[in-house]
Amino acid sequence: MFDFSIITQWFDQLLRITIGCPDWLAILIECVLVGTGILLGYALIACVLIFMERKVCAYFQCRLGPMRVGYWGLLQVFADVLKMLIKEDKLLYLVAPLLVIIGSVGAFSFLPWNNGATILDFNVGVFLLTAISSIGVVGIFLAGWGSNNKYSVVSAMRGAVQMISYEMSLCLCLITAVILTGTMQMSGIVEAQTGPWKWLIFQGHIPAIIAFFVFLIAGNAEANRGPFDMAEAESELTAGHHTEYSGMGFGFFYLAEFLNLFIIAGIAATVFLGGWAPVNIGVEAFDAVMDYIPGIVWFMGKTFFLVWILMWIKWTFPRLRIDQILKLEWKYLMPLGLINLVIMTVVVALGLYIK
């Protein structure tokens, strides 16, 4: 399978040897290009997800969705972005949306796109991923608190307690995967799943499948997606913690919500479905054909499939009350995650997983 590190090494040698850049300048150029690539990919995928959300919603409600701005409505998202930029007020609640977007972009940077194409790939990657993504909780709380609006404050408190609660189940599921793979490094988790029937849901069978479904449910709640979208309870909280925001202040919250959906799906695809690893079943001819498909195609395909599943869930189930949301986490998901963690530990200790 193609190794993207070949391109990165070639570009590094181009700067240092062919052009003759000093080390500090070569590193600076590489960091600027990688950072630009992350932000560009972040924005483009957000546009795709917003458009996809509208079309999936329309499909389930027997409507057409955006159709007038551009062919098949493809330019509607860009028109919305232009409108938000024009009406932006740079003095309005700056810190909160920035914290939300920083946490989202930071988590986005940990996704392993291809073999050799992981931006942040530390040996404690899972730990750092959960730590950085948690910054968004502070941003949401500050947004409600700084709005001087009692409805926004109530919504921010609800949103914060919901995110903090479901982070427990998310972390338990990731720890379950770490126990089986033996590493917290994102690339290492993917490499542990390369080979015939090596995806985690196959290797770890029952406990891995349970962790996978709990992760999707908890991730959906963490991303504030339906049926856990308390911030969109119009009848009681208007627009939630971002009620008082307009322009790009609101745009940052909107952008982070959709990218958090992609991040949750991407992490689930990485940890449980092999990430960029292809489908291998032990048949040489079949596996050879699968290996020809670029890793980024596998990663994006798995991720967008999970995105579609989560959108399907949002537009199928009615919104839950805050007491129902917390009851689901503390009485069912977290105890299930703890029991499942013990089961996975026993499975690994006794060698009962697929090797």
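**Figure 1. Contacts and overall dimensions of the protein chain.** Residues 24 or more positions apart account for 77% of those contacts (heavy atoms within 4.5 Å) in the protein chain that have a separation of 6 or more. The model is predicted: local features need pLDDT of at least 70 and side-chain atom pairs count only at pLDDT 80 or more, while totals for chains, interfaces and linings use all residues. Residues are numbered from 1 along each chain as its sequence is written, and side-chain values use heavy atoms, with hydrogens and water left out. The protein chain has 15 helices and zero strands; helices (H or I, at least four residues) and strands (E, at least two) are DSSP runs, numbered from the N terminus. Along its principal axes the C-alpha trace spans about 60 × 55 × 40 Å. Buried residues (under 20% relative accessible area, with exposed over 50% and partly exposed in between; 1.4 Å probe, protein chains only) make up 46% of the 355 residues. The accessible surface (Shrake-Rupley method, 1.4 Å probe; for residues, only the protein chains shown count as cover) comes to about 17,400 Å², and 73% of it belongs to carbon and sulfur atoms.

**Figure 2. Helix 12, residues 247-272.** The end C-alpha atoms of helix 12 are 38 Å apart, in agreement with the 38 Å that its 26 residues should span at 1.5 Å a residue. The expected span is 1.5 Å times one less than the number of residues. Because 21 of its 26 residues are buried, helix 12 is largely enclosed by the rest of the structure. G274, which follows helix 12, has a positive phi, near 85°.

**Figure 3. Salt bridges among E53, R225, E257 and K314.** The structure holds eight salt bridges (a side-chain nitrogen of Lys or Arg within 4 Å of a carboxyl oxygen of Asp or Glu). In one of them, K314 pairs with E53, and the closest N and O atoms are 3.2 Å apart. This pair links distant parts of the chain, with K314 in helix 14 (residues 295-314) and E53 in helix 2 (residues 23-60), 261 residues apart. Both K314 and E53 are buried. E257 forms a salt bridge with R225, with 3.7 Å between the closest N and O atoms. Here E257 lies in helix 12 and R225 in the loop between helix 10 and helix 11 (234-237), 32 residues apart. E257 and R225 are both buried. The four residues E53, R225, E257 and K314 are linked in a network of salt bridges.

**Figure 4. Helix 15, residues 322-349.** From first to last C-alpha, the 28 residues of helix 15 reach 39 Å, close to the 40 Å expected at 1.5 Å a residue. Helix 15 bends by about 35° at E329, the bend being the angle between axes fitted to the seven residues ending there and the seven starting there. E329 is also one of the buried residues of helix 15, which include L333, M334 and L341. The buried residues of this helix pack against helix 7 (150-181) and helix 10 (205-222). The side chains of R321 and D323 meet in a salt bridge at 3.0 Å, N to O. R321 counts as partly exposed at 49% relative accessibility, and D323 is partly exposed at 39%.
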